[in-house]
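Here is a short briefing to read beside the structure. Keep the model open and follow the residues topic by topic.

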Amino acid sequence: MIADLILKNANVITLDPRQPTAELVAIKGDKIWLVTNNEKLESVKGAKTRVIDCQGKTVVPGFNDAHCHIFSFIRNLLSLDLSPSSVSSIAEIKAAIRQRVQNTSPGKWLNADGYNEFYLAEKRHPNRWDIDEVAPKHPVILAHRSLHACVLNSLALSLAGITIETPDPVGGLIDRDLNTGEPTGLLFEMLGYIREKVAPPLTEEELAEGMTLASQHYLAYGITSLQEATVSNDFNRWQTLHQFKDKLKSRVSMMFGIDAIGQFQEAGLAMGAGDSQLRLGGVKIMLSEVTGQLHPPQPELNEQALGAHRAGFQLAIHAVEPSTVETAISALEYAHSHSPEAGRRHRLEHCSVCPPRLLERLSRLRAIVVTQPPFIYYSGERYLAQVPTSQLPWLYRIKSFLDSSLVVAGSSDSPVVPDNPLVGICAAVTRQAESGQQLLPQECIPAEQALALYTINAAYASFEEGVKGSITPGKLADIAVLSDDPTQIPPEQIKDIRVEMTIIGGKVVWEA
Ligand SMILES: [Zn+2]
């Protein structure tokens, strides 16, 4: 036998306890064939073998982001960037829109994201007339950085049916000119409505462009697998992902909302259907407490959980606060007691605040916790200021979960925060916020375990640990080559490690 691709002189961290390190990885077809030492090179190399000399660089399994939102990320990528790092005045916003308009056919919606009036020279929100000046023939929507406000130009306002006569909607506010009463274009708490009900969904071309951009982005961060966790995912989404399989190089496991369960059953698709490129994941349920009341309430959640559990699906329940975490756990206990099939690997998404009594119940359930270490980095400072002190000791715990033999998978919830897995690994090891403040140092884990969150544990969370997540002969050849060894450099530098090469299914798909 002869290898197709060989990585030699590598510092291989396999994440496989049977053989934790190696120097050489030989790949045949789309699979890892041999994991061995440099001396074996000549015996597996043929005339057509591509040999990559890693020069001591670190080789790890490709990263797996266990909870992210691909389509929201694409929307972000396609929007004009108006964040403070890109524009500093309304004049600059106008210039940016004018430029974008020139390459956009009239009538087509133009999305711009991230403006913040606080950082604009004029210290005010842009208004419809500002935008009309540069884009009279395109409906334009500017989303505020907070997503709690947006500005529409006149054409977009008229397409939304918002006139001087329109009353403020429940929970929303239409800003008006003080003299004339005319809407200024600035709308509060109406962005979701405008995007869902007024603006058109992404077109085929936008999706194609967005998928290509997103794919490049994921590969540049060594992300070879994604677990799509959007609650509105349904059979349509599944087909869209199918359609763009060749554009999005990373492998996808797609969760979907409970309402879509019948659609998949009708199509004859069970948990794990599909192939290694696009696979059907579990049922995602959002459990929230925004209005002060649980939604869905416990009895309804219990029945949903039992239904999905009985139908053979893994559950992925979004639970953040202690009350929702407890409700989710109760629902899983309910499902197990009424239908004791084991091995469903139900997941708690976020499980942000988990006091000891809940941790105990969780470990009895053998549930998986899908956590977001980058939240510690990007939001740690805010958590320390805003989370009630009674809850702080249980916030985004990792070590306690692992010590209780729970499987913990790592993820970004992108685009909520950036998705560089090395930032997440760094945060899991150091528990440091961007500000340098440390959040629960007792929950720090070693770099090897942090790597596992984003590789073998994430693979386990989608029932794929048999085919990926470690550098093991027979598994898919999904690999990242890193500029440094996360287990050897000072922990706070892990986030600065660069991905130098990404391999999926034995093919080099990205090189720095
Ligand atoms: Zn999410």
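This is a predicted model: local features need pLDDT of at least 70, side-chain atom pairs count only at pLDDT 80 or more; totals for chains, interfaces and linings use all residues.

A zinc ion is held by protein donors from H67, H69 and D413. Helices α2 and α7 pack at an angle of about 100 degrees. The salt bridges number 24.

**Zinc site**
- The zinc ion has H67 (NE2), H69 (NE2) and D413 (OD) as its protein donors, at 2.1 to 2.2 Å.
- Along the chain, these donors follow the spacing H-x1-H-x343-D.
- The pair H67 and D413 links distant parts of the chain, 346 residues apart.
- H67 sits in strand β8 (residues 63-68), while D413 sits in the loop between β21 (407-410) and α15 (421-430).
- H67 counts as buried because its relative accessibility is 1%.
- D413 is also buried, with a relative accessible area of 8%.

**Helix packing**
- Helix α2 (residues 70-78) packs against helix α7 (residues 204-220), with their axes 9 Å apart.
- The angle of about 100 degrees makes α2 roughly perpendicular to α7.
- From α2, the contact uses I70, F71, F73, I74, L77 and L78.
- From α7, the contact residues include L207, M211, L213 and Y218.
- The contact residues divide into eleven nonpolar, two polar and two charged.

**Salt bridges**
- D130 and R124 meet through their side chains at 2.9 Å, N to O.
- D130 is buried at 9% relative accessible area, whereas R124 is partly exposed at 34%.
- E341 pairs with R344, and their closest N and O atoms are 3.8 Å apart.
- Here E341 is partly exposed at 33% relative accessibility, and R344 is buried at 16%.
- D403 and K399 form a salt bridge at 2.9 Å, N to O.
- D403 and K399 are four residues apart in helix α14 (residues 399-403), so about one helical turn separates them.
- D403 is exposed, with a relative accessible area of 53%, and K399 is partly exposed at 32%.
- E326, E333, R357 and R361 are linked in a salt-bridge network.

**A loop residue: E39**
- E39 lies in the loop between β5 (31-36) and α1 (41-44).
- E39 counts as exposed because its relative accessibility is 64%, over the 50% cut-off.
- E39 and E23 are 16 residues apart in sequence, and their C-alpha atoms are 9.2 Å apart.

Note on methods: Residues are numbered from 1 along each chain as its sequence is written. Side-chain values use heavy atoms; hydrogens and water are left out. Donors are N, O and S atoms within 2.8 Å of the metal (3.2 Å for Na, K and Ca); water is not among the atoms, so sites may look incomplete. Helices (H or I, at least four residues) and strands (E, at least two) are DSSP runs, numbered from the N terminus. Buried means under 20% relative accessible area, exposed over 50%, partly exposed in between (1.4 Å probe, protein chains only). Axes are lines fitted to C-alpha atoms, for helices over the stretch in contact, and angles run from 0 to 180 degrees between N-to-C directions. Angles under 35 degrees count as roughly parallel, over 145 as roughly antiparallel, 65 to 115 as roughly perpendicular and the rest as oblique. Contact means heavy atoms within 4.5 Å. Ala, Val, Leu, Ile, Met, Phe, Trp, Tyr, Cys and Pro count as nonpolar, Asp, Glu, Lys and Arg as charged, and the others, Gly among them, as polar. A salt bridge is a side-chain nitrogen of Lys or Arg within 4 Å of a carboxyl oxygen of Asp or Glu.
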